[in-house]
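Welcome! Have a look at the model first, then try each task before reading on.

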Amino acid sequence: MAIPLRLINPLLGLVAAPLLLGIINRTKARFAGRTGQPLLQPYYDIWKLFHKGAVYSRTTSWIFAAGPLVGFGATVAAATLIPFGSRPALIAFEGDILLFAYLLGLSRFFTVLCALDTGSSFEGMGASREVTFSALSEPAMLIGLAAVAKHTGHISLSQMFLSTTPGTWLEWGPVSVLVGFALLIVLLAENCRIPVDDPNTHLELTMIHEVMVLDHGGPDLGFILYTAALKMWLLGQILVGVAIPVRSGNPWLDTSASLICMVLLAVLVGVIESSMARLKLLHVPQLLVGATTLSILALILLPR
Amino acid sequence: MTLFLGGLIILLVGGIGSFFAGRRPGLASASGAASAVTGSLLAVVPALRTLSNGLAESLRLSWDMPIGSFFIEIDPLSALFLVPILGLSAIAAVYGVQYLSHYRDQKNLGVAWLFYNLLVIGMMLVVVARNGVLFLVAWEIMSLASFCLVTFEYERPMVCRAGCIYLIATHIGTAFLIAFFILLGRQTGSFDFDKVPAMSAALAGVLFLLAVVGFGTKAGFMPFHVWLPHAHPAAPSHVSAVMSGVMIKTGIYGLVRAMTLLGAPPAWWCWLLIAIGSASGILGVLFALAQHDLKRLLAYHSVENIGIITMGLGVGLLGVHMNSPTLSVLGFGGGLFHVVNHAVFKGLLFLGAGAVLRSTGTGHLDLLGGIIKRMPWTGFTFLAGSIAISGLPPLNGFVSEFLIYLGVFKTGLTGEPEAVIFALIVIGSLALIGGLALACFAKAFGIVFLGEPRSAHAEQAQEAGWAMRFSLLVLAVFCVLLGVLSPLVIKSAGSVVAEITTLPAAQVRAELADVSAILTQIVVASLILLAAAASLGILRKRLLSGRSVRRAVTWDCGYARPDSRMQYTATSFAQPLTDLFGFFLRTRKSISPPKGIFPSESALHTETQDLSERYVYQPLFERISSALSRLRWLQHGRLQLYVLYIALTLWILLIWKLM
């Protein structure tokens, strides 16, 4: 497919990612009986932050300034690897899932370093939790994707998605369900949503992601919010591509269908956040190991 | 070959020269380092030539001893190991000049340089030797020279103990290797590698096990790794870099060489390598997480990386076993590329740790902090090494791990139950190792270099001298280059992989061309990363121009007197993970919690002793010594009776011979 058409995927992500947060917040507001913020509020927030000055801690070094840039760069690079609907990704090759996972790892590494750079004990605490939980969610994601790879016979995300059709649901539905659940847990954990982390709390002791970025302000915080939204979009795309494969043959139709699925996913996350409490931190590893177990089951399951 | 021998001789002459110049530290260092650099640069030429054209060069000299012969050969496999050995040795030598100058008034530097050059000579000979006896001689030169370097600061009790453990461990390994070579050479009566006959499956199996234990002890396979966490922190830092970066790789070299001699691999060899690799990888990084000392942490990471390399070899061997060229090319290609990569980034990290140690006087993580502002170059290069060792793109560590991953993903696709289990183990281990390594290096870099200084040690830190900075920078540049140029670099592995797998060279090249195309895509994605980050940087500059940019204190929740001791420490950073995996780590904790309304002193002390040292080696050695103590009555110091023993033994032997 022509390069300009392939550019649609990452561009769509770059434009629409903050919308997911808006939908989640709106859903949560509805559950709480409130009207809630406008759907586009995340865009307004980011815009507002872009037009502020900045305060840097005297403790920090250049790492603190570089962190948001590297995080954004890595996430954008990851966005070029993700197909959307049946439209292949900008860059597709055998094993691109691995590059995707490790690019997110690079982004995380710099977020954690920025947190440690401030010398704040709260941020150190968040950083410590982040590396703990991500070390456990990584096997869940990679083994889950290996299961999909095994069943589709492809190890490039674009081809995996192309060969996942509603028909394959009949063939190996249980695998899709298991991997879908595992990826949902990974999505919630990686994006710091309930039940792993609460994006709304301002009690530093219980937070993970929010506490790591306490000292960022102004445009930097805007970049971080935007990168976080993009990451959520990307993981959502993988989940939707695996679990709800709508393949009509017309790429435009498929793209629209996938967009609708993304909206539904955001609503689902909102519902989960509204109906569940945050898990005790000590119980989060159990959840993530559970996700890994689901992935392992999916991999060793022999359909037919 | 002339250049190679020339390099050897320069190293030897330079080493001896610096030994005799021992009273004048400046001259000794100059002679040792200059000869190490020129000798290495000379000897690396034939290695690079062999690597590029795939042709082996050999030399056989007559040898006056009854057994063995001086038979050396530089084939692609030897060349692949020679290049990092010589490269890192030269760079570490430059670093060593400045690092050792600290000891110029207390120590005889000539001795240190003599043994350094002997260590390089030993490693060079180990990878080119084609005769069992020559190999063992070279192996011992390497082991003893490195022992003498480990005990450089012998007056410190901890160093003495480390040297002792190393000496014992390495000789246990050598004992297995002697058995290996004797069994190998028994049938033909020659120890030359090119005369190894076809053998029965049982004998090949026994030989393989001997090689795994013998070479694995040097390489640092779990549970034979006990000497690494002692010896690496004890040695001077440039020696730690060479030992961890390349010397332990001679164990990997030996194992691969043994595989080429032993014939077609049965399935259990692959499974054994995968099991060892996965155990070494996961436990290595877990124990690294629990360490408080920077160099000890790095030593455990060597165990982890050896695990990754071994998994790569296991994948490659499985490819040979299953007749799958793609798999064997990816497995061996990834594993051997990781050998080179690990030499670069682990060398870099040990040299960086040495710079920190030299300027602050401590390697204790919880006493450091905020050094990046005082040592910007060291900080920057250590960060590059940390990214590389955590296997993050776009640096070199990612590429080799990626190749191994790709291999197992492809195995998993075949759908055979055995292959799926295999893929599950390797993917699960690599993913877990990746996550834990990220945690560990976030800790190592974050606690040492970022935040506020945690002690006066860290406050007095000063940037390392030019020679040390130069070495760090060169290695950091290699981390980047090996990552960005990986599509080209991987092609040079063609002849090596063809040699190990005995596949046709053309087929291997075709496979590697596919791999190279994939790696090109990774490089493109990396460029997108850089472009996106750079453009965002420009955007931020634009956004902030004309607005207020202030410096203030870190947000402290309104607390009035923030103190650097309130920062998270290395121990607390790793605590969730070490608790989670407490079953393996068995960390001993002694806590005296704050008590009462006005708490006075409180303390927390954690210590993680090595699992196999505590549960395998210590009990084993205690058993052996208690069993042998029953024979103590034989040894009483009376010379006349000892002569009687000798006479009796000879008498018995004579009777035995006559019968």
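**Exercise 1.** Find the angle at which helix α2 (residues 8-31) of chain A and helix α10 (residues 218-243) of chain A pack.

*Solution.* Step one: the two helices (DSSP runs of H or I, at least four residues, numbered from the N terminus) cross at about 95°, and their axes are 8 Å apart. Axes are lines fitted to C-alpha atoms over the stretch in contact, with angles from 0 to 180 degrees between N-to-C directions. Step two: α2(A) and α10(A) are therefore roughly perpendicular, the word for 65 to 115 degrees.
Step three: look at who meets whom. Residues of α2(A), including Leu14(A) and Leu21(A), meet residues of α10(A), among them Tyr226(A) and Trp233(A); contact means C-beta atoms, placed from the backbone, within 7 Å. This contact has 12 nonpolar residues, 2 polar and no charged (nonpolar: Ala, Val, Leu, Ile, Met, Phe, Trp, Tyr, Cys and Pro; charged: Asp, Glu, Lys and Arg; polar: the others, Gly among them).

A note on the model: it is predicted, and local features need pLDDT of at least 70, side-chain atom pairs 80 or more, while totals for chains, interfaces and linings use all residues. Residues are numbered from 1 along each chain as its sequence is written, with chains lettered from A and ligands numbered from 1 in the order written.

**Exercise 2.** Work out which element gives the largest share of the side of chain B that touches chain A.

*Solution.* Start with the totals: 69 residues of chain B contact 65 residues of chain A. Next, α17(B) gives the largest share, 16 residues. Finally, chain B's side divides into 45 nonpolar, 16 polar and 8 charged residues.

How values were computed. Angles under 35 degrees count as roughly parallel, over 145 as roughly antiparallel, 65 to 115 as roughly perpendicular and the rest as oblique. Two residues are in contact if their C-beta atoms, placed from the backbone, lie within 7 Å.
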